[in-house]
Amino acid sequence: LLCLSFGDPLAAIVGTIIGGPTIHLKHGRKTLVGCGVCFITCVLISIFCFGRKYGWFIWILTGFYATTMEVSSGYTGIDDNILIPLGTGLGLWIYVNTYCTLT
């Protein structure tokens, strides 16, 4: 939910203000700058939330999942307010339960 609360609005604000190259999708458009801001914000959020427990890979994975869900909302037409938390949470849950040892 933190990726949705911070990553999505920051992506929209910075993408609108700075602009830059855009990705035209079936249901809207996204700027590459906005996608980058979403990714960086979500990586920073995961560093804050996960700390060193799972390592750097899960930080990058969180940013990747959240940004992918944000962009895929433009392809599917499903609201990103649903896709970002569900897709990111599901992806991280699968990763942690498959590859991480919980101690």
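Cys35 is buried, its relative accessible area being 9%, where buried stands for under 20%, exposed for over 50% and partly exposed for what lies in between, with a 1.4 Å probe and protein chains only. The sulfur of Cys35 has its closest cysteine sulfur in Cys38, but the distance of 7.2 Å is too far for a bond. Cys38, in turn, is in no disulfide, and the nearest cysteine sulfur to its own is that of Cys42, 4.2 Å away. A disulfide is counted when two cysteine sulfur atoms are within 2.5 Å, and the structure holds zero of them. Cys38 is buried as well, with a relative accessible area of 1%.

The model is a predicted one, in which local features need pLDDT of at least 70 and side-chain atom pairs count only at pLDDT 80 or more, whereas totals for chains, interfaces and linings use all residues. Residues are numbered from 1 along each chain as its sequence is written, and side-chain values use heavy atoms, with hydrogens and water left out.

The overall fold gives these residues their setting. The protein chain has four helices and two strands, and from the N terminus on its elements run α-β-β-α-α-α; the elements are DSSP runs numbered from the N terminus, with helices being H or I of at least four residues and strands being E of at least two. For 103 residues, a compact globule would have a radius of gyration near 13 Å, and the 14 Å of the protein chain agrees with that; the radius is taken over C-alpha atoms, and the globule rule is 2.2 Å times the number of residues to the power 0.38. Along the principal axes, the C-alpha atoms fill a box of roughly 45 × 25 × 20 Å. Of the 103 residues in the protein chain, 42% are buried. The chain exposes about 6300 Å², of which carbon and sulfur atoms supply 71%, the areas coming from the Shrake-Rupley method with a 1.4 Å probe. Among contacts with a separation of 6 or more, residues 24 or more positions apart account for 58%, a contact being heavy atoms within 4.5 Å.

When residues up to four places away in sequence are not counted, Thr67 touches Cys35, Cys38 and Phe39. The side chain of Thr67 also reaches the backbone nitrogen of Phe39 at 3.3 Å, and Thr67 counts as buried at 12% relative accessibility. Between the C-alpha atoms of Thr68 and Leu32 the distance in space is 12 Å, although the two are 36 residues apart in sequence.

Side chains of opposite charge can pair when their charged atoms come close. A search of the whole structure finds one salt bridge, defined as a side-chain nitrogen of Lys or Arg within 4 Å of a carboxyl oxygen of Asp or Glu. In a salt bridge of 3.5 Å, N to O, the side chains of Glu70 and Lys30 meet. Glu70 lies in helix α3 and Lys30 in strand β2 (residues 28-31), so the pair ties together parts that are 40 residues apart in sequence. Glu70 is buried, with a relative accessible area of 5%, and Lys30 counts as buried at 17% relative accessibility.

Cys3, in helix α1 (residues 2-18), is buried with a relative accessible area of 10%. Not counting residues up to four places away in sequence, Cys3 touches Asp8, Cys42, Ile45, Thr62, Ala66 and Ile84. Cys3 and Leu44 are 41 residues apart in sequence, while their C-alpha atoms are 9.6 Å apart in space.

Helix α4, residues 80-99, holds Ile82, which counts as partly exposed at 46% relative accessibility. The C-alpha atoms of Ile82 and Glu70 are separated by 9.7 Å, the two residues being twelve apart along the chain. Thr98 has its place in helix α4 too, and a polar atom of the Thr98 side chain lies 2.6 Å from the backbone oxygen of Ile94. Thr98 and Val37, 61 residues apart along the chain, have C-alpha atoms separated by 29 Å.

Key:
A polar contact is a pair of N or O atoms within 3.5 Å; within protein, one must be able to donate a hydrogen and the other to accept it, and residues adjacent in sequence count only if both atoms are side-chain atoms.
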